[in-house]
Amino acid sequence: MESLTSGTMAGSGSFRCQQCGYVLTLAGADTLCDCPGCGGSNFSRASLFSATRFSRTPSAPEPEERAAWLSEARELPDEPGEYLAFDEGSRVKLVPLTREWTRVGRSLAADVRFDDPTVSRRHALIVRQADGVRVLDDRSLNGVFVNGERVEWSVLKDGDEILVGRYRLYFLSVPAVAASADEHLQQIG
């Protein structure tokens, strides 16, 4: 295991940072660098069969924390529309849902990509249609949860929490802001 902490060749597999939990996946000849999440250099081999692998959900945020986080995320979009919002390090990441479907997974082809062994290569699809937005489980190993319930598919409404592996995503529907009465009168006159 000393080779894991010395930065020498580590071999194939996934390695978890002991400080922040960030997971790196390496190919055969890759070397283990400092953690992109926190800069730490203490790693251990990440196992698909660890106790955290089989836990149903990561610890849920308190309702006050969730409300504050959603409030902050709702202030970010510049335009009305549908968005996926999630934590990316210390900031909120917004992904506009502009196409008919958006892939979520570990694959390089995913539109929303999480390099983590708890996320399947093809984990979930977000589908936009005229009658609403849905999330579909794309044959994932760990399943897709909406507001704590495991689903094969579910219609999404504003503020719904989608759990993909250990990641919490939130569906946001940002309505168009109505024009003020003064603006409306100026457009008429």
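**Exercise 1.** Which residue of β8 does Thr102 stand opposite? Follow the pairing onward from there.

*Solution.* This is a predicted model.
- Step 1: Find Thr102. Its opposite number in β8 is Ile126.
- Step 2: β6 (101-105) pairs with β8 (residues 124-129) in the antiparallel sense, over four bridges.
- Step 3: Move on to β9. Ile126 stands opposite Val135 there.
- Step 4: Count the bridges. Six join β8 to β9 (residues 132-137), and these strands run antiparallel.
- Step 5: β8 and β9 form a hairpin, with two residues between them.

**Exercise 2.** Locate Ser107 and state whether it is buried, partly exposed or exposed.

*Solution.* 
- Step 1: Ser107 sits in the loop between β6 and β7 (112-113).
- Step 2: Its relative accessibility is 22%. Buried means under 20% and exposed means over 50%, so Ser107 counts as partly exposed.
- Step 3: Leave out residues up to four places away in sequence. Ser107 then touches Arg113 and Arg121.
- Step 4: Take Arg121. It lies 14 residues from Ser107 along the chain, yet their C-alpha atoms are separated by 4.5 Å.

**Exercise 3.** Name the strands at the edges of the six-stranded open sheet.

*Solution.* 
- Step 1: Write the order: β5-β4-β14-β13-β10-β11, with antiparallel pairing.
- Step 2: Read the edges. β5 (91-96) and β11 (149-151) each have a single partner strand, so one side of each lacks a neighbour in the sheet.
- Step 3: Inspect one pair. Three bridges link β10 (residues 144-146) and β13 (residues 161-164). Val146 has Ile162 as its bridge partner in β13.
- Step 4: Place the helix. α2 (residues 63-74) lies across β4, β5, β13 and β14, at about 50° to β14.

Methods
Residues are numbered from 1 along each chain as its sequence is written. This is a predicted model: local features need pLDDT of at least 70, side-chain atom pairs count only at pLDDT 80 or more; totals for chains, interfaces and linings use all residues. Side-chain values use heavy atoms; hydrogens and water are left out. Buried means under 20% relative accessible area, exposed over 50%, partly exposed in between (1.4 Å probe, protein chains only). Contact means heavy atoms within 4.5 Å. Two strands pair if DSSP finds at least two bridges between them. Axes are lines fitted to C-alpha atoms, for helices over the stretch in contact, and angles run from 0 to 180 degrees between N-to-C directions.
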